[in-house]
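Reader: I would like a close look at a single part of this model, with its surroundings. Please keep it plain and give the cut-offs.

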Amino acid sequence: MTLYYSMVFALLVFEMALFVSLIIPMPFTMKRKLFTFISSSPLVAKVQYGMKITFIFILILFIDSVNRVYRVQVELAQAKSVGGAAVAAAGSERMEVQARKFYSQRNMYLCGFTLFLSLILNRTYTMILDVLRLEEEVKRLHGDKLGGDKSQQKLADAGDIGEIGRLKDELKKRDRDIDVLKKQSNGLSEEYQRMGDNFHVSDGTPKKDR
């Protein structure tokens with residue numbers, strides 16, 4: 001196994017261990033602190049960014065391994081079409097092709113399962129965050145105090161990804177646009193009032209006392 005496929009295998013083992021750690025039953029308080037730390041830590045955010053780049057390279061390796069499997073299948077089909085003495089002469093060559101087929105399929109399954117497990121981890125992490133938010137909301141409605149409003153806000157802001165995060169970003173953008181429009185409207189009103197005052201003065205019409 002080459003170095004980069006060994007690294008992919010190590011990443012697969014790490015993902016399996018991480019998945020098991022996510023689904024291990026924990027007390028609510030401990031789980032909330034753990035997921036709040038994961039969601040708010042800058043170091044974890046940098047690691048997640050690096051993992052996304054790594055998965056892009058793994059996807060390239062997966063596509064390359066699929067291409068290799070297809071080419072080996074074509075070679076095997078051509079080898080089977082040879083008959084008689086040529087088959088006996090090509091026996092060792094066919095064994096080599098079979099070996100390359102095995103390694104290509106192994107690499108394809110390795111990269112494929114690594115990518116698939118990364119999607120499962122992402123979805124599991126999001127679902128656990130949703131469950132924690134719902135549990136905290138239920139406990140809050142029942143009158144339980146669980147770390148104060150600051151901890152609740154951190155958990156509510158944790159994992160803002162997907163559709164919810166996109167909608168929150170759009171809402172914040174619209175609020176900023178509304179503030180800008182209000183400032184522009186106030187500026188235009190003041191400018192209109194100033195121009196009206198200047199017009200009355202230049203026209204000789206006395207301004208009315210306010």
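Author: Helices (H or I, at least four residues) and strands (E, at least two) are DSSP runs, numbered from the N terminus. T114 lies in helix 5, residues 91-141. This is a predicted model: local features need pLDDT of at least 70, side-chain atom pairs count only at pLDDT 80 or more, and totals for chains, interfaces and linings use all residues. Residues are numbered from 1 along each chain as its sequence is written, and side-chain values use heavy atoms, with hydrogens and water left out.

Buried means under 20% relative accessible area, exposed over 50%, and partly exposed in between (1.4 Å probe, protein chains only). T114 counts as buried because its relative accessibility is 0%. Contact means heavy atoms within 4.5 Å. Setting aside neighbours within four places in sequence, T114 is in contact with V8, L11, L12, E15, F55 and I58.

A nonpolar core is a set of buried Ala, Val, Leu, Ile, Met, Phe, Trp, Tyr and Cys residues joined through side-chain atoms within 4.5 Å. The largest one has 11 residues: Y5, V8, L11, L12, F55, I58, L61, L110, C111, L115 and L117. Helix 1 (3-23), helix 3 (42-80) and helix 5 are the elements that give two or more residues to this core. L61, one of its members, is in contact with Y4, Y5, V8 and C111, leaving aside its neighbours within four places in sequence. A second, separate core of eight residues includes L22, F35, L129 and L132.

F35 belongs to helix 2, where F28, K31, R32, F35 and T36 are buried.
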